[in-house]
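The following exercises concern the model displayed below. Each task is followed by a solution in steps.

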Amino acid sequence: MTKTDIRKEDTVAVIAGRDRGKQGRVLSVDRKHGRVLVEHVMMMKKHVRPNPQKQIKGGVAESESPVSLSNVMLICATCGPTRTARQIDADGRRSRSCRKCGSPIERKS
Ligand SMILES: [Zn+2]
């Protein structure tokens with residue numbers, strides 16, 4: 001299992017690879033394989049045959065493919081892509097904050 005602060009619905013920046021510089025919403029995190037699915041990042045074209053019974057039209061379908069967790073970074077509202085610190089608040093909840101400016105990074109899910 002890979003340790004990560006990245007959660008579903010976070011906005012991340014891609015820092016390496018083919019889609020470097022893109023930003024997107026996290027669709028799912030695969031901690032077992034250390035990979036993350038980011039909306040509109042690493043789009044793959046797939047040619048599909050029509051299947052009328054499943055209401056599938058033929059043609060070229062596009063879908064995301066997972067990128068490595070090491071190639072994405074959480075985004076701070078003031079600094080942009082950043083490393084994160086984590087702490088446990090007084091009420092026992094875990095939270096994340098920006099390493100540069102210390103401002104908290106809210107989680108959306
Ligand atoms: Zn910051």
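Helices (H or I, at least four residues) and strands (E, at least two) are DSSP runs, numbered from the N terminus. The model is predicted: local features need pLDDT of at least 70 and side-chain atom pairs count only at pLDDT 80 or more, while totals for chains, interfaces and linings use all residues. Residues are numbered from 1 along each chain as its sequence is written, and side-chain values use heavy atoms, with hydrogens and water left out.

**Exercise 1.** Determine in which order the strands of the open sheet are arranged, and which strands stand at its edges.

*Solution.* Step 1: two strands pair if DSSP finds at least two bridges between them. Step 2: the open sheet consists of 6 strands in the order S6-S3-S2-S1-S7-S8, with antiparallel pairing. Step 3: strands S6 (67-68) and S8 (80-82) each have a single partner strand, so one side of each lacks a neighbour in the sheet. Step 4: within this sheet, S2 (residues 23-30) and S3 (residues 35-38) are joined by 4 bridges. Here Ser 28 is placed opposite Leu 37 in S3.

**Exercise 2.** Describe how strand S10 is joined to S9 and to S11.

*Solution.* Step 1: S9 and S10 run antiparallel and share 5 bridges; Arg 86 has Arg 96 in S10 as its bridge partner. Step 2: these two strands form a hairpin with 5 residues between them, and Gly 92 in the turn has a positive phi of about 85°. Step 3: S10 is also antiparallel to S11 (residues 104-105), through 2 bridges, with Ser 97 opposite Pro 104. Step 4: S10 and S11 likewise form a hairpin with 5 residues between them, where Gly 102 in the turn shows a positive phi of about 80°. Step 5: of the 5 residues of S10 (residues 94-98), 4 are buried (under 20% relative accessible area; exposed is over 50%, partly exposed in between, with a 1.4 Å probe and protein chains only).

**Exercise 3.** State how many salt bridges the whole structure holds, and examine the one between Arg 96 and Asp 10.

*Solution.* Step 1: a salt bridge is a side-chain nitrogen of Lys or Arg within 4 Å of a carboxyl oxygen of Asp or Glu. Step 2: a search of the whole structure gives 6. Step 3: in the pair Arg 96 and Asp 10, the closest N and O atoms are 2.9 Å apart. This pair links distant parts of the chain, as Arg 96 is in strand S10 and Asp 10 in the segment before S1, 86 residues apart. Step 4: Arg 96 counts as buried because its relative accessibility is 8%, and Asp 10 is buried at 2%.
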